[in-house]
Amino acid sequence: MSIYPAKRLRRLRNNPIIRDMVRETALSPKDFIYPLFVIPGKNIKNPIKSMPGNYQMSIDVLVEECKEVASLGIPAVILFGIPDHKDEVGSGAYDPDGIIQQAVRAIKKEVKNLAVITDVCMCEYTSHGHCGVLDGEHILNDETVELLVKEAVSHARAGADIIAPSDMMDGRVIAIRKGLDANGFHNIPIMSYAAKYASGYYGPFRDAAESTPAFGDRRSHQMDIANANEAMREVEADIEEGADMVMVKPAGPYLDIIYRVKQKFGLPTAAYQVSGEFSMIKAAGANGWIDEPRVMMESLMAIKRAGADMILTYFAKDAAKLLK
Ligand code: PBG
Ligand code: ZN
């Protein structure tokens, strides 16, 4: 074994060509999944104040956006819907003519080379903003799962390519798998939000999706931020139930979880760089406190280096342009 002075680690950092040759991780537009928010109406593009460069879009605008996304080499979008009406049981979530169902049909009809992933949860559709049906202030697990199955099947019927349950109810993956299979969708993969933490980093998203809970929080179903071993149990359960891909969320502050999930299970692993992670970099960049494009790429590189195969990120378009 050689030691200094025979060994000099700086030798491989001496010039850009050698640095390039030994670089271990590379980002590509193919790594990204772009989240989009869809609302009813025509020709609408509402800026989301806390997420600069992101918009609530009506379907016509969304379709054009998706064409641009595909042309940048980004393989997939994930859709979040803001329905025109919310109720106690989130009927907009599984309405065959709901906002997501219409959006999926429009994109699949008009955009080639783009996978459409749909987020399956109830919180955008319930009047109280919770991720399921309530008994008083308690979210009912099994009753909620039944509705999630209806939601997932209706997304598949509309043409969704991948179903992504984000609710964190127990048993929803196996139930959705059975529901999809029973309706002829055995080829539609499930990307489960397997280790999803009760995080303060979701703040801007809740403005975007208009899904802030009217009371309480999401700690009865999303994970305690202090727990890592429990994340392994959550991921294992989802894999046993039939998840084809698993997700860790948030991403940047949870690189340890991404690393462990990838090492232990080896499944295609996604990480969600959430709204707060995005907005903090944007805000610091806008103030001139950090070099925004550089920190954007660094944040994405770190997530990939930790083991993520796919990154859901609001930076997808910016990063893809920079990589071209
Ligand atoms: C719905 C859902 C949320 C996010 C993705 N799916 C919000 C939440 O759990 O409150 C957050 C994404 C982000 O912050 O970018 N359950
Ligand atoms: Zn939810």
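Visitor: Is Ile-100 buried or exposed?

Guide: Bear in mind that this is a predicted model. Burial is read from relative accessible area, and a residue counts as buried under 20%. Ile-100 has a relative accessible area of 1%, and therefore it is buried. As for its place in the fold, Ile-100 belongs to helix H3, which covers residues 99-110.

Visitor: Which residues is Ile-100 in contact with, leaving aside its neighbours within four places in sequence?

Guide: Contact is a matter of heavy atoms within 4.5 Å. With those sequence neighbours set aside, Ile-100 touches Val-38, Leu-79, Phe-80, Gly-81, Thr-118, Tyr-125 and His-155.

Visitor: Which residues form the nonpolar patch on the surface?

Guide: A patch takes residues with over 30% relative accessible area and no salt bridge. Here Leu-12, Ile-17, Met-21 and Val-22 make up a nonpolar patch, together presenting about 430 Å² of accessible area. One of them, Leu-12, sits in the segment before H1, and its relative accessible area of 48% makes Leu-12 partly exposed.

Visitor: And which residues gather in the patch of positive charge?

Guide: For like charges, the joining distance is within 9 Å. The surface patch of positive charge brings together Arg-8, Arg-10, Arg-11 and Arg-13. Among them, Arg-8 lies in the segment that comes before helix H1 (16-21), and Arg-8 counts as partly exposed because its relative accessibility is 44%.

Definitions and conventions. Residues numbered from 1 in each chain as written. Chains lettered and ligands numbered in written order. Predicted model: local features only at pLDDT ≥ 70, side-chain atom pairs only at ≥ 80, totals over all residues. Heavy atoms only, no water. Patch = residues over 30% accessible without salt bridge, like charges linked within 9 Å, V, L, I, M, F, W, Y side chains within 5 Å. Areas by Shrake-Rupley, 256 points an atom, 1.4 Å probe, with all protein chains shown as cover. Salt bridge = Lys/Arg side-chain N within 4 Å of Asp/Glu carboxyl O. Lys, Arg positive; Asp, Glu negative; His and termini not counted. Charge placed at Lys NZ, Arg CZ, Asp CG, Glu CD. Helix = DSSP H or I, 4+ residues; strand = E, 2+ residues; numbered from the N terminus. Buried < 20%, exposed > 50% of the residue type's maximum accessible area, 1.4 Å probe, protein only.
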